[in-house]
Amino acid sequence: MLIFGTIGIFVKHIPLTSSTIAMIRGFMGAAFLLFVMLISGKKVSFSAIKKNALPLIISGAAIGVNWIFLFEAYNYTSVAVATLCYYMEPVFLIVLTPFVLKQKLSIKKILCVPVALIGMVLVSGVLSSKQEVSLVGVALGLAAAVLYTSVVLTNRFLKDISAYDSTLVQLFMAAVVITPYNFIVGMQPTGNVDIKAIIMIVVVGFLHTGLTYYLYFSSMNHLPSETVAIYSYIDPAFAILLSVFFLKEPMTVSGVVGAVLILGACLASEIEFKKKQ
């Protein structure tokens, strides 16, 4: 999760279009994940992949476009704001769950929605006359969150397939879907692609995608879901700290309050508090 939290810093300094970065990330991440699976003795189940082909293709495509929106959000607003917009995903999931999965919502989950929305308003800066507002960046971040929500919902329809197999196919499909778009619009660099830029691209592809996804799914086999939910918020918390102290991007008091409301509401919506026997 700490590694995930640093991706904004790297992407922000890669002189390539968001769609190009997303395509490279997908191919490199899938290749690295396949390599690690093979050397660790995990076999790819082609029968399971074939059985779940449609939801894997749909979710893979959504992941690719979701990356483009998120990376583009970094160009229009701070890493902190883009990350917080992206972490509205649990809120969108709450709203869509009754319609898509036909599941009833608890009062706690329902209350989390307006709390997170208030936090989003504070983070966006629309109420502040002194803060420079980038509604484009906020909109792109929220669009990325909506697409990631569709990935989460689509994954609920996957059956009898390991997380490694599904992620491998989704990463590959994300890159495949983006590739034609890149050839149509062109992949001209937005700056000088020097050795520093190449290293950053490799880090995003192999470290932030391939290795980190593998570590994430490996840990899920040994941790309760509540623990995974708590740890997942290390990502945005660390990203915000890096945005403020490393990139020197401004964060207002209202932004801090909004961040607490968003992350607190989303975390509360995901964790089930059980009484100790």
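**Exercise 1.** Which residues line the largest cavity, and what classes do they belong to?

*Solution.* Step 1: the lining of the largest cavity consists of Ile14, Ile21, Ile24, Arg25, Ile201, Val204 and Gly205. A cavity is a set of points, on a 1 Å grid over the protein atoms alone, where a 1.4 Å probe fits but cannot get out; lining residues have an atom within 4 Å of a point.

The model is predicted: local features need pLDDT of at least 70, and side-chain atom pairs count only at pLDDT 80 or more, while totals for chains, interfaces and linings use all residues. Residues are numbered from 1 along each chain as its sequence is written, and side-chain values use heavy atoms, with hydrogens and water left out.

Step 1: by class, this lining has five nonpolar, one polar and one charged residues. Ala, Val, Leu, Ile, Met, Phe, Trp, Tyr, Cys and Pro count as nonpolar, Asp, Glu, Lys and Arg as charged, and the others, Gly among them, as polar.

**Exercise 2.** How do the axes of helix α6 and helix α7 cross?

*Solution.* Step 1: the axes of α6 (residues 89-100) and α7 (residues 107-124) come within 10 Å and cross at roughly 135°. Axes are lines fitted to C-alpha atoms over the stretch in contact, and angles run from 0 to 180 degrees between N-to-C directions. Helices are DSSP runs (H or I, at least four residues), numbered from the N terminus.

Step 2: Val91, Ile94 and Val95 in α6 meet Lys109, Cys112, Val113 and Ala116 in α7, where contact means heavy atoms within 4.5 Å. This contact has six nonpolar, no polar and one charged residues.

Note on methods. 1 Å grid on protein atoms, 1.4 Å probe; cavity = no way out; pocket = protein on both sides within 12 Å on 5 of 7 lines; lining within 4 Å. Helix = DSSP H or I, 4+ residues; strand = E, 2+ residues; numbered from the N terminus.
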